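Please find below a short briefing on one protein chain. The sequence and the model come first, and the notes follow.

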Amino acid sequence: MNNQKTLGTLLLLLVAMIWGTAFVFQRMGMESIGPFTFTAARMSLAAIAVGLVSRLRRGKNAKSDTREALVGGLCCGLFLCVASLFQQAGIVTTTAGKAGFISKEWWPDLCNYRRASRPAPAEGSIEETILLTLAEHGSLITRELRAACGFDGPKMRSKF
């Protein structure tokens, strides 16, 4: 069990190193080609690799579920491609070190995004107070939002 835990930790470290250094190489790639070309080449190689692995694993006697697998794979690939395009376009305008992080300006929007898609809260509720405060002040980090809503103090933290 201990060996498996150590192996898992080492593999996570390896993945983190690969993930982190990938931004440097992507940034270097942007010096000679554009984000669309880079992403197209990357996605094409990935599609070929996934297709080969899928073909090898399926075997001759496997049940035929290729249509469902193809549709699911295309949908996942499309979303991944769009996300990669945004990432590559962002790497063009910033350093590789900053490309892997969510900026301070975007963090409140990401935290508060789910609140915008819910139905209107009951009148006078804590949820309504939060939404009205966000409408008035714009995006706020959690600590600032608590203060603006009047949720200060140890007993009020649990209500937020």
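The model is predicted. The chain holds 8 helices and 0 strands. Two helix pairs are described: α2 with α3, which are roughly antiparallel, and α6 with α7, which are roughly perpendicular.

**Overall fold**

- Read from the N terminus, the order of elements is α-α-α-α-α-α-α-α.
- The chain has 160 residues, of which 15% are buried.
- Among contacts with a separation of 6 or more, 55% are between residues 24 or more positions apart.

**Helices α2 and α3**

- Helix α2 covers residues 35-58 and helix α3 covers residues 66-93; their axes lie 10 Å apart, and the packing angle is about 155°.
- Because this angle is over 145 degrees, α2 counts as roughly antiparallel to α3.
- The crossing of α2 past α3 is right-handed.
- On the α2 side, the contact is made by Pro35, Phe36, Phe38, Thr39, Arg42, Met43 and Arg58.
- On the α3 side, the contributing residues are Thr66, Leu80, Cys81, Ser84, Leu85, Gln88, Ala89 and Val92.
- Sorted by class, this contact of α2 with α3 comprises 9 nonpolar, 4 polar and 2 charged residues.

**Thr39 and Gln88**

- Thr39 sits in helix α2, and its relative accessible area of 2% makes it buried.
- Leaving out residues up to four places away in sequence, Thr39 touches Cys81, Ser84, Leu85 and Gln88.
- Gln88 belongs to helix α3 and is buried, at 0% relative accessibility.
- With residues up to four places away in sequence again left out, Gln88 touches Gln26, Met30, Pro35, Phe38, Thr39 and Arg42.
- Thr39 and Gln88 are both among the residues that make the contact between α2 and α3.

**Helices α6 and α7**

- Helix α6 (residues 126-137) and helix α7 (residues 142-149) have axes that come within 10 Å and cross at roughly 105°.
- An angle of 65 to 115 degrees counts as roughly perpendicular, so α6 and α7 are described that way.
- From α6, the contact involves Thr129, Ile130, Thr133, Leu134 and His137, while α7 supplies Leu145, Ala148 and Cys149.
- The residues in the contact of α6 with α7 are 5 nonpolar and 3 polar, with no charged residue.

**Phe151**

- Phe151 is located in the loop between α7 and α8, the latter spanning 154-157.
- Is Phe151 buried or exposed? Phe151 is buried, with 6% relative accessibility.
- Phe151 and Ile130 are 21 residues apart along the chain, and their C-alpha atoms are separated by 9.9 Å.
- Ile130 is also one of the α6 residues that make the contact with α7.

**Cysteines**

- How many disulfides are there? The count is 0.
- For Cys76, the closest cysteine sulfur is that of Cys75, at 7.0 Å. A disulfide requires sulfur atoms within 2.5 Å, so the two sulfurs are too far from each other for a bond.
- Cys76 is exposed, at 55% relative accessibility.
- Cys149 is buried, at 12% relative accessibility, and is one of the α7 residues in the contact with α6.

Definitions and conventions: Residues are numbered from 1 along each chain as its sequence is written. This is a predicted model: local features need pLDDT of at least 70, side-chain atom pairs count only at pLDDT 80 or more; totals for chains, interfaces and linings use all residues. Side-chain values use heavy atoms; hydrogens and water are left out. Buried means under 20% relative accessible area, exposed over 50%, partly exposed in between (1.4 Å probe, protein chains only). Axes are lines fitted to C-alpha atoms, for helices over the stretch in contact, and angles run from 0 to 180 degrees between N-to-C directions. Helices (H or I, at least four residues) and strands (E, at least two) are DSSP runs, numbered from the N terminus. Angles under 35 degrees count as roughly parallel, over 145 as roughly antiparallel, 65 to 115 as roughly perpendicular and the rest as oblique. A crossing is left-handed if the near helix is turned anticlockwise from the far one by less than a right angle, and right-handed if clockwise. Contact means heavy atoms within 4.5 Å. Ala, Val, Leu, Ile, Met, Phe, Trp, Tyr, Cys and Pro count as nonpolar, Asp, Glu, Lys and Arg as charged, and the others, Gly among them, as polar.
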